Amino acid sequence: ASFKDAKFALLIIAGMPREEGKRLNPSALMYTKCRDQINSALLSERITDCHVQNFSLETTRKEQEVTEGAFSHVNYCQASTMVLETKAQLIKEIEFNSADAHGEVNGLKDLLNEANLALSRILS
């Protein structure tokens, strides 16, 4: 039950609105949103890792292992999809801003590199 609670909390955090008084420029808002999506995907991956490890220590029945394998596969796929979608958003934003704001683009490129590393971690 604690893993379901953690995943539910993760989904709530991912959908939380920003503080009311703070206004960010569109590029900074995109950076923040993409960073949060990458962190959420990595957190989901870590929760699934812990859940699979805990489950494998508690049971040896074949039927439950198959069910758990399907559950973890779905969670890893969701996490990788989140990162892939974030990468697509970052690439669009980088292309859109490449002529205007080099400093902001560099930050987005760094975040794109983080997304690549996160994706390789999730898929390994």
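A residue is termed buried under 20% relative accessible area, exposed over 50%, and partly exposed in between (1.4 Å probe, protein chains only). By this scale D36 is partly exposed, with a relative accessible area of 24%. The structure is a predicted model, in which local features need pLDDT of at least 70, side-chain atom pairs count only at pLDDT 80 or more, and totals for chains, interfaces and linings use all residues. Residues are numbered from 1 along each chain as its sequence is written, and side-chain values use heavy atoms, with hydrogens and water left out.

Confidence was examined through pLDDT, the predictor's confidence in each residue, from 0 to 100. The chain has a mean pLDDT of 75. A value of 70 or more is reached by 63% of its residues. Helix 1 (residues 2-14) has the lowest confidence in the chain, at a mean of 63. Helix 4 has the highest, at 86.

Secondary structure was taken from DSSP runs, numbered from the N terminus: helices are H or I over at least four residues, and strands are E over at least two. The chain contains four helices and zero strands. Its elements run α-α-α-α from the N terminus on. Of the 124 residues in the chain, 29% are buried. Accessible areas come from the Shrake-Rupley method with a 1.4 Å probe; for residues, only the protein chains shown count as cover. The chain exposes about 8400 Å². Carbon and sulfur atoms supply 59% of that area.

Contacts were defined by heavy atoms within 4.5 Å. Among contacts in the chain with a separation of 6 or more, 74% join residues 24 or more positions apart.

The interior was described next. In soluble globular proteins, nonpolar side chains tend to be buried together. A nonpolar core is here a set of buried Ala, Val, Leu, Ile, Met, Phe, Trp, Tyr and Cys residues joined through side-chain atoms within 4.5 Å. The largest such core holds 17 residues. Within this core, I38, V83, L90 and I122 touch the most other members. At least two residues of the core come from each of helix 2 (26-58), helix 3 (62-97) and helix 4 (102-123). Helix 4 gives the largest share, eight residues.

I38 also shows where chain segments meet. With neighbours within four places in sequence left aside, I38 is in contact with T86, L111, A115 and A118. T86 is placed in helix 3. Its relative accessibility is 0%, so T86 counts as buried. Under the exclusion of neighbours within four places in sequence, T86 is in contact with C34, Q37 and I38. C34 likewise counts as buried, because its relative accessibility is 0%. C77, at 34% relative accessibility, counts as partly exposed. A disulfide requires a pair of cysteine sulfur atoms within 2.5 Å. The count by this rule is zero disulfides.

Charged pairs were then searched. A salt bridge places a side-chain nitrogen of Lys or Arg within 4 Å of a carboxyl oxygen of Asp or Glu. One joins the side chains of D36 and R35, at 3.3 Å, N to O. R35 counts as partly exposed, at 32% relative accessibility. In the other, the side chains of R121 and E45 meet at 2.9 Å, N to O. This pair links distant parts of the chain: R121 lies in helix 4 and E45 in helix 2, 76 residues apart. R121 is partly exposed, at 36% relative accessibility. E45 is buried, with a relative accessible area of 4%.

Several C-alpha separations complete the description. E95 lies in helix 3. It counts as exposed, at 57% relative accessibility. E95 and V105 are 10 residues apart in sequence, and their C-alpha atoms are 8.6 Å apart in space. N113 belongs to helix 4. It is partly exposed, with a relative accessible area of 44%. V74 is found in helix 3. V74 is partly exposed, with a relative accessible area of 44%. V74 and T48 are 26 residues apart along the chain, and their C-alpha atoms are separated by 9.8 Å.
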